[in-house]
Amino acid sequence: MPGLDRLETRLRASRDAGRKLLVPYLTGGLPGWTDGVRAAAANGADVIEIGLPFSDPVMDGPVIQEASQRALDAGATPVTILEEARSLDVDVPLVVMCYYNTIHHPGHQRFAAMLASAGIWGAIVPDLPLEESGPWCAAADVEGLSTIMLAAPTAPDDRLPLVCARARGFVYSVGLLGVTGERTSLAATATALARRLKAVTDVPVIVGVGVSNADQAVEACRVADGVVQGASVVRRFMAEGADGVGEYVAEVRRALDQGF
Amino acid sequence: MNPTPSIMSKPSESGRFGDFGGRFVPETLVPACQELEVAFTEAWADPMFRAELDSILKEYAGRPSILTECHQLGARLGIRLLLKREDLNHTGSHKINNVLGQTLLAKRMGKKRIVAETGAGQHGVASATAAALMGLECKVYMGAVDVERQALNVFRMKLLGAEVEAVHSGSRTLKDAVNEAMRDWVASVESTHYCLGSVMGPHPYPWMVREFHRVIGNEAFAQCQERIGDVPDVVVACVGGGSNAIGIFSGFVDTRARLVGVEPAGGAAVGRGQPGVVHGMRSYLMQDEYGQVLEAHSVSAGLDYPGVGPEHSYLASIGRAEYPTVTDAEVIEAFQLMARTEGIIPALECAHAVAWISREAPTMQGQTILMNLSGRGDKDVGQMMEILG
């Protein structure tokens, strides 16, 4: 149902009104994480990504690996996290970021129903490439969930339109060759891939992985429609709690609002 | 030859053996996997590549490996026991077959660097060796626990010019070394080939690595014909990821021989797992009720892996191969049994196969058993010294 996706509709409306999109990420199940989500929502997030911790997070660098391990050690499971997510009364769409085995284990339809009943809008599955995504996408479509596809800098030109055609909500433009984590500068690949994507799709293009602070967010948004803030948010949450998240999201929000 | 296609033929277009396999990798790696599939397909069909690899296997690795009959142990157990001596290959295990194939391919693809994961260190040593031979840069990821218990192999890798990085995440064993090698590859994919050490991972690895180890089965089949004029009744190998087992099974899968892959009780993916997806493949996997991957526990670092290659899952699902388990205690016993009766110190991994044979011999009286002795036990002597006090 391209064009009818509710997350995409909402994000397009914001973008077309001149707003750059800000997508903070927080690992679900960390003690007090729901307060972190509320703080992000109250300070200018457009979508919030909730990470479902997995034992083997191959796309994640040290900060999110540590957060995942802490959440797992605290007893977090997809069921407990979705229970808590259901109770969140924020006015910002929530999506989950989860590795594919978290979906595969309960089964596509059952997991999609779990997300929908928890009020989740969509899912990002970093180890589920286009060719393997069919069964999950079908189940997600049935529940009205947006499957946010990732596009990588290594993709040849002919692959990008295929990825964009299957993307719902937004396209996650992977900012660099590498795993999640903060870097001292924005990789050249970040804007280069966003530019290539913008040339082939009108779906909102949001850059994630390696966008590490407000300046880099502004730099990425010179081309892209928005940014994901992952490790920078998670690190602050683990060090400073929800207040640290709120202050940081507000800082990036201000920079994006003033920069454009 | 056999008029029907082999049970172990090429996987489907999506890289599947039945319902198992596939390519579950981050988008960043999809083009690299596709490129590797094309490169391997072309190289494998190229007589020049095959001739070059055969020549290196012969003149550098020491192939063909011999077949040794265990007269004492066989008599004691009431069976005829033949060993395929992969332990006598250069670097001391079957791993060199795959590594020479992959590094030759990496050079053909213009890659300058390889990364590898290792458990016991055998694949790491083989990778470091082949990288030295081929003039490639090499980095090996190894779980911190394994770095401790396989210190000698760590030093060997460094001697050979490789960089070894201890992995401190998760269970700090083979599973986590694979994660870290994949993370490296995600960042370095343009210059680097991931030299995966078993018949696992995303397509085309399970197929490609099996083809590089097919030489074990091909040789063993011919050697059995010559030695016993028949195929053995049973073919046995240990299974972690399953590369040595796949190699020897490939020579007998279309015969009447019973195929047995022996898993450690603490890492029994087929025996105790359910289908799951990790490290790029759908296969049997030890996992909890939410799909979190469980930590394996085995005395043998090389089998300390909660998953298994997808083709083994397929062979198990169609009933062509069976995957029993043995305990650490049985393995330690078997390690000593083979040393004392035959003067051969097996790798702890292979001692799993010995342990199963020894336990099940009463049900196989008079039968001929072919076991893949896939590695030598020198690396395990220090660990055994501690265990046996």
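At what angle do helix H6 (residues 108-117) of chain A and helix H7 (residues 134-142) of chain A pack, and how far apart are their axes? I shall open with that pair, in what is a predicted model.

The angle between H6(A) and H7(A) is about 40°, and their axes lie 9 Å apart. On the H6(A) side, the residues taking part are A:His108, A:Gln109 and A:Ala112; they meet A:Pro135, A:Trp136, A:Ala139, A:Ala140 and A:Val142 of H7(A). By class, this contact comprises 6 nonpolar residues, 2 polar ones and no charged residue.

From H3(A), the residues A:Val63, A:Ile64 and A:Ala67 meet A:Ala231, A:Val234, A:Arg235 and A:Met238 of H11(A). The contact of H3(A) with H11(A) holds 6 nonpolar residues, no polar residue and 1 charged residue.

I turn now to the backbone. Most residues other than glycine have a negative phi, and most peptide bonds are trans. Where does this model depart from that pattern? In chain A, A:Val209 is not a glycine, yet its phi is positive, at about 75°. A:Val209 sits in the loop that runs between strand S8 (205-208) and helix H10 (214-221) of chain A.

In chain B, the peptide bond from B:Arg63 to B:Pro64 is cis, its omega being near -5°. B:Pro64 belongs to the loop between helix H2 (47-59) and strand S3 (67-69) of chain B. Another cis peptide bond joins B:His203 to B:Pro204, with omega near 15°. The loop between strand S8 (192-194) and helix H9 (205-228) of chain B is where B:Pro204 is found.

Let us now consider chain B as a whole. Its domain assignment gives domain 1, made of 16-57 + 94-205, and domain 2, made of 62-93 + 214-388. The centres of the two domains, taken over C-alpha atoms, are 22 Å apart. Their contact draws 36 residues from domain 1 and 44 residues from domain 2. Several elements give two or more residues to the domain 1 side, including strand S2 (20-24), helix H4 (95-108) and helix H8 (174-188) of chain B. Which element supplies the largest share of that side? S2(B) does, with 5 residues. The domain 1 side contains 15 nonpolar, 16 polar and 5 charged residues.

The contact between the chains takes 28 residues from chain B and 30 residues from chain A. On the chain B side, the elements giving two or more residues are S2, helix H1 (30-44), H8 and strand S11 (274-278). Among these, H8(B) gives the most, with 6 residues. The chain B side divides into 14 nonpolar, 10 polar and 4 charged residues.

Finally, a word on confidence. Chain B has a mean pLDDT of 96, and 99% of its residues reach 70 or more. For the complex, the predictor gives an ipTM of 0.96 and a pTM of 0.97.

Terms used: Residues numbered from 1 in each chain as written. Chains lettered and ligands numbered in written order. Predicted model: local features only at pLDDT ≥ 70, side-chain atom pairs only at ≥ 80, totals over all residues. Domains from an automatic or database assignment. Contact = placed C-beta atoms within 7 Å. Helix = DSSP H or I, 4+ residues; strand = E, 2+ residues; numbered from the N terminus. Nonpolar A, V, L, I, M, F, W, Y, C, P; charged D, E, K, R; others polar. pLDDT = per-residue confidence, 0-100. Axes fitted to C-alpha atoms, helices over the stretch in contact; angles between N-to-C directions.
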